[in-house]
Each structure stands twice: as C-alpha cells, then as structure tokens.
Amino acid sequence: MTLKAAPDLLFLLGPSGEWIASNPMTRTHVAASASVLEGIRRTADGHGPDFVEALKGFDEVWVEDRTFFGCRDCTVADATGLELSPRPEARVTGAEAVATALQERFILIDDEAAYRKRFALKTRLLDPEHLGNFHQQMGFELLMRQHKDPEQWWVAQKFEEGLKTVRDNAYRKVQEEFLKRDVPKWALAGKKVLDVGCGAGYYSHLFASFGAEVLGLDQNPEHVSTARNAFRAEGLRFEVFDLSDLESLKRLGGGPFDLIYLSDVLLFYFIPYQPPSTLKGGSHTGRPPVSAASFLGTLKTLLAKGGRVRVLEPHGSFSLCLRYGDPSRPLAVLNEYRRKWFGITPNLQTAAQAFREAGFAVVDIREPVYEGPVRDREDAFLAEYPIWWLFELVPMA
Amino acid sequence: MTPPDVRPWLVAWFERKGQVAGSTLEEKIQTDYFAAGLIDSLGVVSLIADVEGAFSIRFSDRHYQERRFSTIGGLAEIVSELVAVKPA
Ligand SMILES: C[S@@+](CC[C@H](N)C(=O)[O-])C[C@H]1O[C@@H](n2cnc3c(N)ncnc32)[C@H](O)[C@@H]1O
C-alpha cells in the first residue's frame, strides 16, 4: 500500500513556529517536524519512495495531532477544529507511527477515489465510511464523546442557566446584539407575531417585550415547556406544533400575523432528508421535510395585509467556513459552496429561488457582524464576516 | 474478578430493547443492531454507558470507526479485546 499526500493539503506556520499540515476538507490538522513535511513532499505523487522509506536518515520525526471538533462547546463556534496551542501529550514519534497518524488524519491517503467518497452524509450514526455533515458530526460529538442529549445540550450551549441571557458566544455577539439593535425599529407594539420554530422562546419573549402579541411554535415539547416556564408575559403563548404538517399549519388559529419570524429554522427545509436514526438533534420529526418553498408558501397564507416575514439564518458562505490566518485578521476559507456535504445552509441562489417560488419578494438583506470591542481571534472573525444573514420578505403583488 | 461473558451479556442487553433475530447465540450475534432498529442514537449512549460500566472499559474514537462496532458479535470482540488489555 503506497501512501501519498492528500490532494487538499494546506501547510501553515503555527504560532510557536511549528509546521502544521492541514486538510481543510476533512477539517483535520497535525503539527509536524520539518522532516515529515519533506517526507510528504517526496511522496506527493504516489510514485516516489514509500513514506517510511523517505524518512530514513532523519533524526527528528514527529507529529502532533491538532484536531478537535470545533463546535464541541457551541454550534456557532469556529468549526475549523484547528488547535493552535502545542499538545505535547499527543506527540507521536518514529516513521511508522507517524505514517499511521497522518493517515488517520487524512494528511496521507492510499486511495484517492475512496478518499473522495468520504465527503458524504453518514447513512447512520456509526458510519465509518462517510464523514457526514455538520449536524451528523455534531450528533456524533455529543452522543459518542460527550454522552449528552443533543436537545438539552442545544439550549445549554446558547443560553445561560434559567434562560436569563444568551451565552457570551457568537449567539450573543452577533445574533442577539443585532436583534437588540434592530427589533426596536420593527414597530411591534400591538402587532401579532408568529415565531416559527421558537425553540426555548427567548426571541419570542424579546418580541413580546416590545408590546407584540406573540405565538411561539416548536415541534419539541421539551423546548415548549422550557419556554413556558422561563417566559411569562402579557400576550405571549407557546404551542407544540409540527411545522412540516402543512395541512394543520394552514388552519393555525391566532392569526393573521403582521410578522412571521424564523431564526435558525429554515435551513432544515433545505438539508437532504436524513432518517432520524442517523442522528438526533434539532430538526427531526421523523417525517421527510417538505420543501422550503411550500413551507414558506403556507406561511404566506397566515400573513396579515401588509405583513412580512423575517428569516434569520446561518449565512450561506460564512457559517461553518474554515478560519485560518492571523488572529487579528482571520481568513475565511471556503471549501464548498454549491454542492455542500458538510455545510447545512442553502447558498444565495437556492434561498432566493425558494422565496420566489413561495411568492415572496426580498425587500432587504442584512449581514450582521460583531460590533463590540475585538478581544480575540473569534471577535476579529465575527467583526469581519457575517455568519448569519437576514432576509425580509413581503408577498409579491 | 472474571468479567461476565461478553456475548450473552450483550445479547441480553439488546433483548431488553426488542426481538433479536436468530435462535442460537451464534445467530443472534450476527445482528446489526442499527439496521435491525434495536436502538436509535440515544440508545447508543446508554449502550456505551452500560457496557463501559459493566466491563470497566473505555471506548475511543478509534473503536467507533470500526465496522465491527455495529454488530453484536463485533462489539463483543472489541469489548473482549479491551478487557484483555485492561491493567489488573
Ligand atoms: C436551531 S433551533 C432555533 C430556535 C430559535 N428559533 C432560536 O433562534 O433560538 C431550531 C428549532 O426549530 C425547531 N424545528 C425544526 N423543524 C421543525 C418542525 N418541522 N416543526 C416545528 N419545529 C421545528 C426545532 O425543534 C428547534 O427548536
């Protein structure tokens, strides 16, 4: 079996002056001795010497795994999973062990066609052949490594205990801060708002605090009871509701609504259907989702005259994109756009097509960024690149 | 202490979840428990916790990458290997 360099490698200089070989497709990274880089170069085309052979004569041969699941603490963290600090405990030495470690991290591969086939959805939770999309990798991280229930974890990674505030991560720095700046301009007093896929109800409550009458819907009974316990306000209600049941949605009472709001929900209508057994977390009713266009088209029938829809979704380019470069001026690196297998968001054209098919015109697009003081690498990234975008839609005449 | 024999322990665990096809132990351990719908993804979490507890072992990412992990027999092999290398 001849090992050769994976075709997608990037080589970076780490902060301690160490080399890092990074595979942006698999999001796997290793720090390596210069000899290992030379070995990779000599075996680059698969026709040179065997990798272990190529390392003969070098004294210092080591690699240090620098890979982790980037979103282990929060879904909107840096998904690159590149550990920049040294990890001496992960160091492996000697040509044979190094070759194995490099193969496990897809820096060296033995079969390019098989390697390419890995970039696909998992067919079940434990599917070693396919790397799976973000939700599947997230599910794997939570279930297999952290032994946590993804639904409960989801609330805990976004909100502080008791849902008093949003945790101090990108959810607060970008999403909540943007809404706090913008919602006062939405003139919600006395208006009827439908918060679709409201989760734990935090933003439903925000809308109610501006004087709106708000109905929050979510399929997950746990989220709905969390919301009911945490938020009590005049005109604020929460109901368990499966939104992909369009027939029932059409008959929803309480409307018509002046604002229909969706945040981090519409994406689930673009993702290829995955049977619930392949993961648990967020989006599963067990029913194949309906198309985004027919879902939005049904919501349109619930709008009051002059009403509008606001959709705040993970950004089609920058959510989950890789982050490299200087901490004060990070690079956003795209490794997919049109045919996503890891990413979970529609690109601009796909989103626009769904809006049009549903009979909506886009009257505004916003790309919120972090506007506070830049203290670290994440702040710098969020200040430059929007990881959400917001579409404001009105029914076409 | 000798650990309980892994295969019957696992078969009994899965039989508490549902019907495991086959009449003999040999047949039963061929079962792919995901494909057979014996457990869902949250079920895997309790499977791992129960197995790790009963045999005082720890699975790693490397084990989850193994094809063997999905069948009762394959899982039994992995568990037995881990039990064998465990320091006394
Ligand atoms: C990522 S969370 C966002 C929650 C909330 N909008 C927020 O921004 O905090 C997605 C929510 O959509 C809900 N959801 C997804 N598909 C749904 C469906 N078909 N019917 C009802 N709720 C659904 C999930 O239960 C989950 O609470």
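How many salt bridges are there between chain B and chain A? The count comes to three, a salt bridge being a side-chain nitrogen of Lys or Arg within 4 Å of a carboxyl oxygen of Asp or Glu. In one of them, B:Arg67 pairs with A:Glu129 through their side chains, at 2.7 Å from N to O.

Before going on, some housekeeping: this is a predicted model, in which local features need pLDDT of at least 70 and side-chain atom pairs count only at pLDDT 80 or more, while totals for chains, interfaces and linings use all residues. Residues are numbered from 1 along each chain as its sequence is written, chains are lettered from A and ligands numbered from 1 in the order in which they are written, and side-chain values use heavy atoms, with hydrogens and water left out.

Back to the interface. Chain A and chain B each put 17 residues into the contact (heavy atoms within 4.5 Å). About 1600 Å² is buried between the two chains, 61% of it on carbon and sulfur atoms; buried area here is the accessible area (1.4 Å probe) that two parts lose on being put together, summed over both. On the chain B side, B:Ser41, B:Leu42 and B:Tyr64 lose the most area to chain A, and together they make up 34% of what that side buries.

Turning to chain A by itself, its secondary structure runs to 13 helices and 16 strands (DSSP runs numbered from the N terminus: H or I of at least four residues for helices, E of at least two for strands). The radius of gyration of chain A is 23 Å, close to the 21 Å that the globule rule gives for 397 residues, so chain A is as compact as a globular protein of that length. That radius is taken over C-alpha atoms, and the rule is 2.2 Å times the number of residues to the power 0.38. Along its principal axes, the C-alpha trace of chain A spans about 80 × 40 × 40 Å.

One residue of chain A gets a closer look. A:Glu392 sits in strand β16, residues 388-395, and counts as buried because its relative accessibility is 10%, with buried meaning under 20% relative accessible area (1.4 Å probe, protein chains only), exposed over 50% and partly exposed in between. Leaving aside neighbours within four places in sequence, the residues in contact with A:Glu392 include A:Val309, A:Arg310 and A:Val362.
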